[in-house]
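Subject: Structure handover and findings

Dear colleague,

Please find the structure below, followed by my notes on what turned up in it. I would be grateful if you could read them beside the coordinates.

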Amino acid sequence: MKSSKVVVIGTGFVGMSYAYSLVNQGAVEELVLIDIDKEKAIGESMDLNHGLAFAPRKMKIYAGDYKDCEDATLVVITAGVSQKDGETRIDLLKRNAVIMKSVVNNVMKSGFEGIFLVASNPVDILSYVVWKESGLPSHRIIGSGTTLDTARLRFEIASKINVYERNVHAYVLGEHGDSEFVCWSNAYVGVKPIRDVIEDMEEINFEDLDQIYKNVKNAAYEIIQRKKATYYGIGMSLVRITKAVLNNENRILPISVLNDGTYNISKDIYIGLPALINKDGIHHIIKLKLDIDEQVKLSNSANILRNHLADMGY
Ligand code: NAD
């Protein structure tokens, strides 16, 4: 296995925003692009290569094939299809699951021994499908989970009180979707609990928290309405997770993970929880003390995901 070789499968908006961020951050040595539309992958690799003269490191970028996954450290799945007119959510889900199965089978046939990072939606469901279909141990399948939603939360709080996003420590947990929730009981600015921040600052009050949550939850709808898709935020979120793996960072991120019983919800789902990420993938889930309301929300999210999986025959 090479020390930092990443294969991106799906060179659409998300895949290429991720690839572009990787190049700009010099995060990887070798970058392979795969798409069902081979010409698109070739064109994208040419375009990226023309930026290398200005990139922070020497890199190898090319449009490849599934055999290139053999010695990859990370395979990142950003392939997907969108909803057809009149198509139900569950039919779309089944269609994306079929794509996911063929992608995973092709990757595994190469002799791949690395880690999968899944961004295609619905990400919790599809991460589970990748886990099941690959036969790999669950710590080697990471879903992007609520990493993006959490970045949105940090932006919302940071803007409200005019601090740096990196000083906001708070998570969105649960399904990457409508049932996600903010874990306010464990939210901090610097080392100060959010309730103390609210007590001490005029800029923010308890009523604002609900609006912040709504802004986070509805962000994707708001962006899609205006520009049809969201991709920069997720691209950078995926780079963050990638660097945690490639640099063996032991970094805590709210990714989609197979619940191993750390939380008192179904053990047979992938769901957004904070976990420690390093070169082995998901090292362990971080247990937070949730309040009763948050525990109910997490269970609700878990039940929704389990029911979708059951509808799909898992
Ligand atoms: P897009 O349509 O621009 O790109 C999808 C790409 O996948 C296309 O280039 C297509 O040719 C390719 N593709 C389709 N089937 C394939 C297959 N079988 N093998 C290889 N490539 C295949 O879509 P996008 O905007 O880039 O979104 C991609 C996925 O990312 C969607 O599922 C979207 O919902 C998801 N997404 C996730 C998050 C998140 O937070 N996890 C955020 C935004 C978007």
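Asp210 is partly exposed, with a relative accessible area of 41%, where buried means under 20% relative accessible area, exposed over 50% and partly exposed in between, for a 1.4 Å probe and protein chains only. Its salt-bridge partner is Lys214, with the closest N and O atoms 3.1 Å apart; a salt bridge here is a side-chain nitrogen of Lys or Arg within 4 Å of a carboxyl oxygen of Asp or Glu. Because Asp210 and Lys214 are four residues apart in helix α7, about one helical turn separates them, and Lys214, at 38% relative accessibility, also counts as partly exposed.

This is a predicted model, in which local features need pLDDT of at least 70 and side-chain atom pairs count only at pLDDT 80 or more, while totals for chains, interfaces and linings use all residues. Residues are numbered from 1 along each chain as its sequence is written, and side-chain values use heavy atoms, with hydrogens and water left out.

Salt bridges

The structure holds 12 salt bridges. One of them pairs Lys5 with Glu30, with 3.9 Å between the closest N and O atoms, and it links distant parts of the chain, since Lys5 sits in strand β1 and Glu30 in strand β2, 25 residues apart. Helices (H or I, at least four residues) and strands (E, at least two) are DSSP runs, numbered from the N terminus. Both Lys5 and Glu30 are buried. Another salt bridge brings together the side chains of Asp208 and Lys160, at 3.9 Å from N to O. Asp208 belongs to helix α7 (residues 206-227) and Lys160 to helix α5 (residues 147-161), so this pair ties together parts that are 48 residues apart in sequence. Asp208 counts as buried at 17% relative accessibility, whereas Lys160 counts as partly exposed at 34%.

Helix α1 and the cores

The buried residues of α1 are Gly15, Met16, Ser17, Tyr18, Ala19, Ser21, Leu22 and Val23, and they pack against elements including β1 (5-9), β2 (30-34), α2 (38-49) and α8 (232-246). Just after α1, Gly26 takes a positive phi of about 55°.

A nonpolar core is a set of buried Ala, Val, Leu, Ile, Met, Phe, Trp, Tyr and Cys residues joined through side-chain atoms within 4.5 Å. The largest such core has 84 residues, and those with the most contacts inside it are Val6, Leu31, Val75 and Phe116. With neighbours within four places in sequence left aside, Val6 is in contact (heavy atoms within 4.5 Å) with residues among them Tyr18, Leu22, Leu31, Val76 and Leu246. A second, separate core of 19 residues includes Ala170, Val182, Val189 and Ile194.

Backbone points to check

Most residues other than glycine have a negative phi, and most peptide bonds are trans. Asn121 and Pro122 are joined by a cis peptide bond, with omega about -5°, and Pro122 is found in the loop between β5 (115-118) and α4 (123-134). Lys228, in the loop between α7 and α8, has a positive phi of about 75° although it is not a glycine, and Lys228 is exposed, with a relative accessible area of 74%. Asn250, in the loop between α8 and β12 (251-258), likewise has a positive phi, near 55°, and counts as partly exposed at 42% relative accessibility.

Ser256

Ser256 is found in strand β12 and is buried, with a relative accessible area of 0%. Its side chain makes a polar contact with the side chain of Asp124 at 2.7 Å; a polar contact is a pair of N or O atoms within 3.5 Å, where, within protein, one must be able to donate a hydrogen and the other to accept it, and residues adjacent in sequence count only if both atoms are side-chain atoms.

With best regards
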